[in-house]
Amino acid sequence: RLDLTGLVLSGAGLFSLTYALIEANTYGWTSTRILALFGAAAVLLVGFVVWELRTRFPMLDLTLFRNGTFAGANAVVLLVGFAMFGIFFYVSLYMQNILGFSAVQAGASFLPMTLLIIIGAPIAGRLSDRIGSRWLMTSGMTLLGIQLLYYSTLGTTAGFFNLLPGLLIGGLGMSLTMTPSAAAVIGSVPVDKAGVGSAVMNSMRQVGGSLGIAALGAILAH
């Protein structure tokens, strides 16, 4: 059945959190408006957890998170979504507003990263069946961290070939993370819960993406 209460609590909680992060620099991090939004987000999201644990037909079956593999893989999906959406959004702005790329040039610049994901993800999926997902996800997350550190060193005179190493490292990191994390999520739930597990994973990716853009935007604006 439709868990309308859970839907409202989670939607309102995430809206409050995202809006507070986006507008904090405009109104001030200690302003009444922003503190009230953060407080509302905390109350609503805690209320969501309590409701989901008690209702007969929860939108999100929180008992699945008792499985360490399921919880860990979803945390990885959340963090990768946080980084991935942030990279695509803000690096494209950096290319256009700072480096002078056109919109088409900025979009085309991401092709090496995209191609590596397309090629590498199926290979990583087959490897995860043989050796498990943990070390592949760990390696992928490490590469994504290296990519972010590398981008932090670029200045106002960088060109495409300065961006290329980061794009290649990030593409490899995402390909090593995305498919194995999906395999870990689906493999850690009972067969009759596979649909729920997949839905949770996709929700985590979207929440991570929205929070990544909001949080990184707040950092950049500050």
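**Exercise 1. Classify Trp135 as buried or exposed, and place Trp135 in the fold.**

Step 1. Trp135 has a relative accessible area of 63%, so Trp135 is exposed; the cut-offs are under 20% for buried, over 50% for exposed and partly exposed in between, with a 1.4 Å probe and protein chains only.

Step 2. Trp135 sits in helix α6. Helices are DSSP runs of H or I with at least four residues, strands are runs of E with at least two, and both are numbered from the N terminus.

Step 3. His222 lies 87 residues from Trp135 along the chain, and their C-alpha atoms are separated by 36 Å.

A note on the model: it is predicted, so local features need pLDDT of at least 70 and side-chain atom pairs count only at pLDDT 80 or more, while totals for chains, interfaces and linings use all residues. Residues are numbered from 1 along each chain as its sequence is written, and side-chain values use heavy atoms, with hydrogens and water left out.

**Exercise 2. Find the salt bridge and describe both partners.**

Step 1. A search of the whole structure gives one salt bridge, defined as a side-chain nitrogen of Lys or Arg within 4 Å of a carboxyl oxygen of Asp or Glu.

Step 2. The partners are Asp61 and Lys193, at 3.2 Å from N to O. This pair links distant parts of the chain, 132 residues apart: Asp61 is in the loop between α2 (32-54) and α3, and Lys193 is in the loop between α7 and α8.

Step 3. Asp61 has a relative accessible area of 15% and is buried, whereas Lys193, with 28%, is partly exposed.

**Exercise 3. How are the rings of Phe65 and Phe70 arranged?**

Step 1. The whole structure holds seven aromatic pairs. Rings of Phe, Tyr and Trp (its six-membered ring) pair if their centres lie within 6.5 Å; planes under 30 degrees apart are stacked, over 60 edge-to-face, and the rest tilted.

Step 2. For Phe65 and Phe70 the centres are 5.1 Å apart and the planes stand at 75°, so the pair is edge-to-face.

Step 3. Phe65 is partly exposed at 24% relative accessibility, and Phe70 is buried at 0%.

Step 4. Another pair, Tyr150 and Tyr151, is tilted, with 6.1 Å from centre to centre and 50° between the planes. Tyr150 counts as partly exposed at 26%, while Tyr151 counts as buried at 13%.

**Exercise 4. Describe the largest nonpolar core.**

Step 1. A nonpolar core is a set of buried Ala, Val, Leu, Ile, Met, Phe, Trp, Tyr and Cys residues joined through side-chain atoms within 4.5 Å.

Step 2. The largest one has 34 residues, and those with the most contacts inside it are Met95, Tyr151, Leu163 and Met174.

Step 3. Two or more residues come from each of α3 (68-98), α5, α6 (134-151), α7 (160-187) and α8 (194-221). The largest share, ten residues, belongs to α3.
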